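Here's a quick briefing for anyone opening this structure for the first time. Have the sequence and the 3D view handy as you read.

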2 protein chains.
Amino acid sequence: MEDKMNIEFPESYPMAGGDGAHSYAQNSKYQRGYVEAAKEMIMEAIVKKFDIKTLSTPLNSIFVADLGCSTGPNTFLAVQNIVDAIELKYQSEDYCTREIPEFQVFFNDHASNDFNTLFKSFPPKRNYLAAGVPGSFYGRLFPKATIHIFHSSNSLNWLSKVPNEITNKTSPAWNKGRIHYTNAKKEVVEAYATQYAMGMESFLSARGEELVVGGMMVLLIAAVPDVILSSDFTICTHLELLESCLTDMEKMGLVSEAKLDSINLPLYFPSLKELMAVFERNRRFSIESIQELSLQDKQVSPQTLTLTLRAGLEGVFEKHFGNDIMDEVFDRYSKKVASTPIYLNLGHENQKTLLLSVLLKCKPND
Amino acid sequence: MEDKMNIEFPESYPMAGGDGAHSYAQNSKYQRGYVEAAKEMIMEAIVKKFDIKTLSTPLNSIFVADLGCSTGPNTFLAVQNIVDAIELKYQSEDYCTREIPEFQVFFNDHASNDFNTLFKSFPPKRNYLAAGVPGSFYGRLFPKATIHIFHSSNSLNWLSKVPNEITNKTSPAWNKGRIHYTNAKKEVVEAYATQYAMGMESFLSARGEELVVGGMMVLLIAAVPDVILSSDFTICTHLELLESCLTDMEKMGLVSEAKLDSINLPLYFPSLKELMAVFERNRRFSIESIQELSLQDKQVSPQTLTLTLRAGLEGVFEKHFGNDIMDEVFDRYSKKVASTPIYLNLGHENQKTLLLSVLLKCKPND
């Protein structure tokens with residue numbers, strides 16, 4: 001255990017902390033839509049697939065963990081939904097003669113996440129006990145076979161780190177002038193894909209140890225189709241738009257060439273095929289379902305989109321460029337996105353980002 | 001469970017956060033001495049009294065919790081000692097054929113505690129998994145029968161709140177012009193004693209639910225003898241000294257009378273007799289031992305003493321008086337304590353503060 005727990009993940013990308021105008025807490029309505037869209041699916045999954053009778057440990061208490069919880073409030077919605085679904089199951093089924101177990105919910109994120117804000121915003125009325133677990137979910141976080149349900153929303157698109165080779169000037173994978181792999185050269189795309197696959201392998205291996213047999217994992221992951229046409233746009237299109245703002249600023253001398261060359265976003269949006277391959281390679285989990293979620297709000301304003309993107313990415317950008325240029329970068333993005341209204345229509349036929357919900361179940365060890 | 005978890009404790013008294021010059025993290029060497037003095041006792045208690053074979057739950061993992069952990073670093077010393085002792089026990093005894101379980105350590109303090117600082121200072125190399133649990137230990141924090149060992153050092157001297165009546169001008173227990181119960185009128189002393197007894201009852205009742213049968217609780221509590229002579233001095237003497245600084249400042253017009261009248265420290269130091277009565281009233285625990293600890297460093301400087309007191313009390317004072325007078329209050333205290341050198345000699349024969357370590361074990365439910 002010691003070795004696994006001592007793995008150092010040098011990079012972490014916390015969402016903007018506190019509860020100010022640019023905080024994640026105030027600017028995560030888009031992600032909230034995602035959690036809300038998954039609500040029914042999760043309810044149904046628990047009712048149909050979470051088999052309390054066959055779980056490998058006695059259920060005096062049920063342990064639920066949200067991985068990549070940030071500072072709230074979406075995490076509270078997500079875990080409340082899970083706790084309520086399990087309570088309902090206890091009340092409605094024939095083992096309801098047993099006392100309903102107590103719930104402990106673990107809120108996990110990087111140690112650099114603003115846990116103080118998270119803890120102060122815990123719902124005062126709640127039917128679960130709560131704990132925070134700092135650390136990277138690409139490593140071990142919980143003792144063996146102690147968690148019954150894992151949940152993660154919008155977090156597994158964050159890589160454990162930027163692939164080394166893409167910042168190395170002497171490597172064929174050097175990602176000069178670019179901040180992401182979208183439409184980048186083959187070596188860059190491959191480096192990102194490899195990093196993602198390795199990270200997911202670590203993630204699934206750690207969770208496989210921590211889940212009780214029969215325990216479940218609900219993962220909400222943004223993905224892209226296997227084939228993308230040039231007329232399509234996805235979440236990656238927005239990263240390219242953001243990149244173009246930085247390129248413009250570099251041309252104007254507001255950002256140095258070296259600074260632009262050395263930043264790369266640690267974000268990855270797998271294709272459906274890649275994602276399936278990752279889950280199939282890991283033998284501890286059975287794939288119970290993969291569904292595409294649909295957001296309720298199909299139309300978004302440039303302001304909201306900008307604030308959402310900013311709350312998620314400002315941490316990475318600010319560390320690299322300093323605080324001075326943040327307003328300008330995101331003002332430029334806001335103008336660019338406003339000038340292409342189809343980008344603001346999440347229901348547009350060319351909008352191809354796939355919001356997937358993946359339901360996995362932990363099998364007995366071979 | 002819901003009711004118990006919804007109890008609201010309106011007051012919390014976090015130690016000074018961050019890691020600056022006046023932070024608890026930088027000014028808790030005195031408390032560290034306490035943890036160090038208890039080290040051997042805890043080791044021995046685990047070897048002799050923590051009976052792994054008879055614990056009521058299967059031990060795939062061991063759950064340890066430190067209650068009132070503050071921002072570190074003392075809490076890390078304390079829990080490491082416990083984890084190491086249990087590991088040693090596994091390695092040295094005949095059930096060592098079983099795999100050593102994994103450890104999960106819960107660090108608990110009020111939600112207003114600076115958990116961000118705590119989480120960032122976790123020891124990078126450690127043989128346990130870690131979580132933070134925000135909330136008052138006078139209420140429920142963990143699911144039923146899930147914790148194997150509780151530890152608490154220097155925390156149970158903090159009351160859950162200042163007794164209502166002592167701040168009520170119309171009550172016979174109004175503690176006018178005073179900040180504590182030391183040498184105060186009978187009604188004030190009684191109000192504090194009642195608040196303490198009620199708090200300890202809540203504490204023991206919550207822990208009785210959360211501990212597994214056979215689980216242990218190690219409580220380090222500062223206490224005073226049943227009889228105190230006028231030539232004796234204790235930790236309460238220091239609170240009187242601090243009070244005299246505020247009285248002086250009130251006379252000089254630096255602090256208003258109303259402000260002085262309305263502050264009371266939520267600290268209590270029980271007599272040995274009171275403490276025994278509290279434990280004997282609760283029937284879930286057997287008292288395995290009560291020992292007096294002896295600090296290694298008997299001599300302390302006025303600066304260290306002042307910084308220690310300040311890290312602990314500044315939170316309460318600052319909230320009440322504002323930040324402006326903090327330096328002056330503690331400068332005055334520093335001078336007063338320097339002018340009475342026996343106060344700086346923790347080994348002096350009139351120094352009567354008792355540093356107790358109490359070892360309790362959880363019995364089966366009646």
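Predicted model: local features only at pLDDT ≥ 70, side-chain atom pairs only at ≥ 80, totals over all residues.

**How the two chains relate**

- Turn chain B by 180°, with a shift of 0.0 Å along the axis, and chain B lands on chain A with an RMSD of 0.0 Å.
- The two copies are therefore related as by a two-fold rotation axis.
- Gly132(B) has the C-alpha nearest that axis in chain B, at 2.4 Å.
- Both copies use the same surface, since 97% of chain B's contact residues recur in chain A.

**Where the chains touch**

- Chain B puts 32 residues into the contact, and chain A puts in 32 residues too.
- On chain B's side, the elements giving two or more residues are helix H1 (2-6), strand S2 (102-109), helix H4 (115-120) and strand S3 (129-134).
- S3(B) supplies the largest share of that side, with 5 residues.
- By type, the residues on chain B's side split into 16 nonpolar, 8 polar and 8 charged.

**The nonpolar core**

- The largest nonpolar core has 189 residues, and Val64(A) and Val64(B) touch the most other members.
- Leaving aside residues up to four places away in sequence, Val64(A) touches Val79(A), Ile82(A), Val83(A), Phe103(A), Val105(A), His148(A) and Ile149(A).

- Helix H10 of chain B runs over residues 326-338, and its 13 residues should span 18 Å at 1.5 Å a residue; the end C-alpha atoms are 18 Å apart, so the two agree.
- Its buried residues are Val329(B), Phe330(B), Tyr333(B), Ser334(B) and Val337(B).
- Looking down the axis of H10(B), these buried residues fall within an arc of 135°, so they line one face of the helix.
- What do the buried residues of H10(B) pack against? They pack against helix H6 (235-251) and helix H9 (302-321) of chain B.
- On the face turned away from the buried side of H10(B) sit the exposed residues Asp327(B), Asp331(B) and Lys335(B).

**Backbone spots to look at**

- Gly72(A) and Pro73(A) are joined by a cis peptide bond, with omega about 0°.
- Pro73(A) belongs to the loop between strand S1 (61-67) and helix H3 (74-92) of chain A.
- In chain B, the peptide bond from Gly72(B) to Pro73(B) is cis as well, with omega near 0°.
- Asn154(A) isn't a glycine, yet has a positive phi of about 60°.
- You'll find Asn154(A) in the loop between strand S4 (147-153) and helix H5 (186-210) of chain A, and it counts as buried because it has 20 C-beta neighbours inside 10 Å.
- Ala145(B), also not a glycine, has a positive phi of about 50°.
- Is Ala145(B) buried or exposed? Ala145(B) is buried, because 20 other C-beta atoms lie within 10 Å.

**A stop at Leu260(A)**

- Leu260(A) sits in helix H7 (residues 257-261) of chain A and counts as partly exposed, with 19 C-beta neighbours inside 10 Å.
- Not counting residues up to four places away in sequence, Leu260(A) touches Gly177(A), Leu246(A), Glu250(A) and Val255(A).
- Leu260(A) and Thr247(A) are 13 residues apart in sequence, and their C-alpha atoms are 7.7 Å apart in space.

Note on methods
Residues numbered from 1 in each chain as written. Chains lettered and ligands numbered in written order. Least-squares fit on C-alpha atoms with pLDDT ≥ 70 in both. Contact = placed C-beta atoms within 7 Å. Core = buried A, V, L, I, M, F, W, Y, C linked by C-beta atoms within 7 Å. Buried ≥ 20, exposed ≤ 12 C-beta atoms within 10 Å, placed from the backbone. Helix = DSSP H or I, 4+ residues; strand = E, 2+ residues; numbered from the N terminus. Expected span 1.5 Å × (residues − 1). Arc of directions from axis to C-beta. Nonpolar A, V, L, I, M, F, W, Y, C, P; charged D, E, K, R; others polar.
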